[in-house]
Amino acid sequence: MPSGRAGATQPGAMGLPLPDTLTPSKLASFVSCPLSFRFAYLDRLPELPSPQLVRGTLVHRVLQLLFSSGPPDGRTPERVKVAFAVTWEALLPSEIAALGLGPRELGLFEQQARDLLDRYLSMEDPASVHAIGIELDLRAEIEGIELRGIIDRLDLLPNGDLAVVDYKTGRAPRPEQTRARMTALLFYALLCELALGKAPSELRLMYLGDGVVVTESPTEQSLRGVRQRALAVWRALERACGTGDFRAHPSPLCRSCTYRHLCPATGGEPGAASRAVATAG
Ligand code: SF4
């Protein structure tokens with residue numbers, strides 16, 4: 001069945017609208033647990049604040065500020081400290097305050113974020129990086145579906161090739177989980193090809209938690225594969241929106257799921273989800 005343009009928001013039989021775009025996060029969320037996807041992207045329930053999430057936001061914003069202000073040779077460790085101070089002040093009254101940390105935990109939280117940035121500086125010299133995109137928001141359409149991705153950093157390599165760089169503020173996971181994260185980078189590579197007319201030659205995952213860098217070179221076959229996967233997931237999403245069937249898929253990921261307290265599969269209170277949806281609406 002051909003699908004209409006994604007941005008047109010078409011309700012299914014159960015009245016659940018399709019999301020406007022398909023992003024790597026939405027794709028991964030729907031594949032890992034359709035119910036979690038529904039809570040996040042259709043019901044738009046807010047995520048519970050977590051130190052990991054806010055630390056990730058803090059570190060990403062510091063690096064964004066570092067790369068988007070001033071010439072490359074100014075990207076020194078001192079400039080990282082300045083960017084950290086600016087970002088810390090900006091997030092302190094909002095995202096950081098929402099964590100409700102006491103003075104001791106707050107100090108630890110700050111130190112852990114600083115450690116991640118120190119480790120980043122041990123992994124590459126930012127002054128030597130030729131970044132041509134920071135938090136680069138790319139969109140492209142395939143078969144009526146709007147793909148979207150925000151790339152942490154797009155580099156121009158000395159040989160004229162492109163490299164997609166993605167920062168992770170945790171440690172490198174086991175190989176099978178790295179595979180899932182690489183799928184997100186392949187999605188970005190497909191977006192580069194469609195929106196910029198050139199696919200990157202390198203995809204780079206930088207794990208600031210332990211200093212591990214994982215790289216891969218996309219191929220025509222892997223780009224074709226991620227395109228087919230995006231189409232297949234979108235078709236499954238259309239069916240789910242049509243029937244309203246977004247099943248819980250319990251897995252080890254439930255341990256870190258922000259919707260555990262709402263989820264019937266993990267003992268969430270019956271009715272809590274519908275009350276949360278009514279409040280969010
Ligand atoms: S707790 Fe597990 S099963 Fe429930 S919504 Fe979250 S990921 Fe899905």
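This report describes the overall fold, the domain arrangement and the ligand shell of a predicted model.

Residues are numbered from 1 along each chain as its sequence is written. In this predicted model, local features need pLDDT of at least 70 and side-chain atom pairs count only at pLDDT 80 or more, while totals for chains, interfaces and linings use all residues.

The protein has 8 helices and 5 strands, taken as DSSP runs numbered from the N terminus (helices H or I, at least four residues; strands E, at least two). From the N terminus on, their order is α-α-α-α-α-β-β-β-α-β-β-α-α. The C-alpha trace spans about 55 × 50 × 30 Å along its principal axes.

The domain bounds below come from an automatic or database domain assignment.

| Domain | Residues |
|---|---|
| domain 1 | 19-47 + 231-280 |
| domain 2 | 51-127 |
| domain 3 | 130-218 |

The C-alpha centres of domain 1 and domain 3 are 25 Å apart. Between these two domains, 9 residues of domain 1 are in contact with 10 residues of domain 3; a contact requires C-beta atoms, placed from the backbone, within 7 Å. On the side of domain 1 that touches domain 3, helix 1 (24-32) and helix 7 (220-243) each supply at least two residues. The largest share of that side, 3 residues, comes from helix 1.

Around the ligand there are 14 residues, of which Cys33, Ala248, Cys254, Cys257 and Cys263 come nearest; a residue is near if its C-beta atom, placed from the backbone, lies within 6 Å. By class, this shell has 10 nonpolar, 3 polar and 1 charged residues, where Ala, Val, Leu, Ile, Met, Phe, Trp, Tyr, Cys and Pro count as nonpolar, Asp, Glu, Lys and Arg as charged, and the others, Gly among them, as polar.
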